[in-house]
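Please examine the sequence together with the three-dimensional structure shown below.

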Amino acid sequence: EEMLDISRIRLGKLALTAEATDFSQVVQDVVDRFSPQAQALDCNLRTNLPESLLGIWDRTRLEQVLVNLLSNAIKYGSGKPIDVNLRSLGHSALLSVRDRGIGIAPEDQVRIFERFERASARTEVGGLGLGIYISKQIVELMQGSIRVVSHPGQGSCFEVRLPILGPEETGILGKTSKKPVPARKKEGRAEAAPLLNTPFPAVKR
């Protein structure tokens with residue numbers, strides 16, 4: 001599937017399908033899916049989510065980004081807590097995934113967003129290094145931003161910022177995507193502006 005996405009990216013055919021989506025529910029669903037794996041590696045997955053954060057996004061691609069970030073956090077930060085935070089900032093949603101693992105050297109923090117790159121040379125860590133690259137392409141297609149703050153031996157924090165506005169306002173979908181579906185009422189779960197100059201939110205302990 002990753003190689004298929006790489007092919008779509010190279011051809012400019014990575015498409016989005018917009019729908020009314022509760023970002024909080026997406027995050028909770030993915031965290032629940034990873035909980036058994038995290039527990040087996042003695043990782044405590046901690047979440048700090050709004051009750052609901054509604055917007056127009058491609059749910060499947062949101063899941064894909066979070067799966068990539070969370071699987072990396074567990075892979076490189078096993079045995080220590082991992083924090084998954086989500087909040088709204090003006091017209092944006094801010095997602096952060098923080099581990100306390102091996103960290104990333106400063107010279108690697110740009111390279112890891114490139115195709116087939118990994119920051120760690122540890123032999124027990126598998127994968128082609130495609131996940132972070134694909135996540136960056138997805139986030140940028142949604143007119144969002146992704147960055148990492150990390151120090152060797154102190155872990156890493158990946159931050160994704162995405163606009164909440166629908167595709168008509170942001171123009172993220174282009175000609176190949178579907179129109180957004182009407183919002184569906186959900187029980188309990190709530191709202192969410194440009195990225196790199198905003199400091200990281202404090203991690204709730």
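Predicted model: local features only at pLDDT ≥ 70, side-chain atom pairs only at ≥ 80, totals over all residues.

Residues are numbered from 1 along each chain as its sequence is written, and side-chain values use heavy atoms, with hydrogens and water left out.

The protein chain contains five helices and seven strands, these being DSSP runs numbered from the N terminus (helices: H or I, at least four residues; strands: E, at least two). Along the sequence they follow the pattern α-β-α-β-β-α-β-β-α-β-β-α. Of the 205 residues, 49% are buried, that is, under 20% relative accessible area with a 1.4 Å probe, protein chains only. The accessible surface of the protein chain is about 10600 Å², and carbon and sulfur atoms account for 52% of this surface; the areas come from the Shrake-Rupley method with a 1.4 Å probe.

Five strands form an open sheet in the order 2-4-5-7-6, with mixed pairing; two strands pair if DSSP finds at least two bridges between them. At the edges lie strand 2 (45-48) and strand 6 (145-151), each of which pairs on one side only. On average, neighbouring strands of this sheet are turned by 15 degrees against each other, direction ignored, with axes taken as lines fitted to C-alpha atoms.

Within the sheet, strand 4 (residues 82-89) and strand 5 (residues 92-98) pair in the antiparallel sense over seven bridges. Asn85 has Ser96 in strand 5 as its bridge partner. Helix 4 (residues 131-141) packs on the sheet and touches strand 6 and strand 7 (155-163), contact meaning heavy atoms within 4.5 Å. The direction of helix 4 makes about 25 degrees with that of strand 7, where angles run from 0 to 180 degrees between N-to-C directions and helix axes are fitted over the stretch in contact.

Note on methods: Buried < 20%, exposed > 50% of the residue type's maximum accessible area, 1.4 Å probe, protein only.
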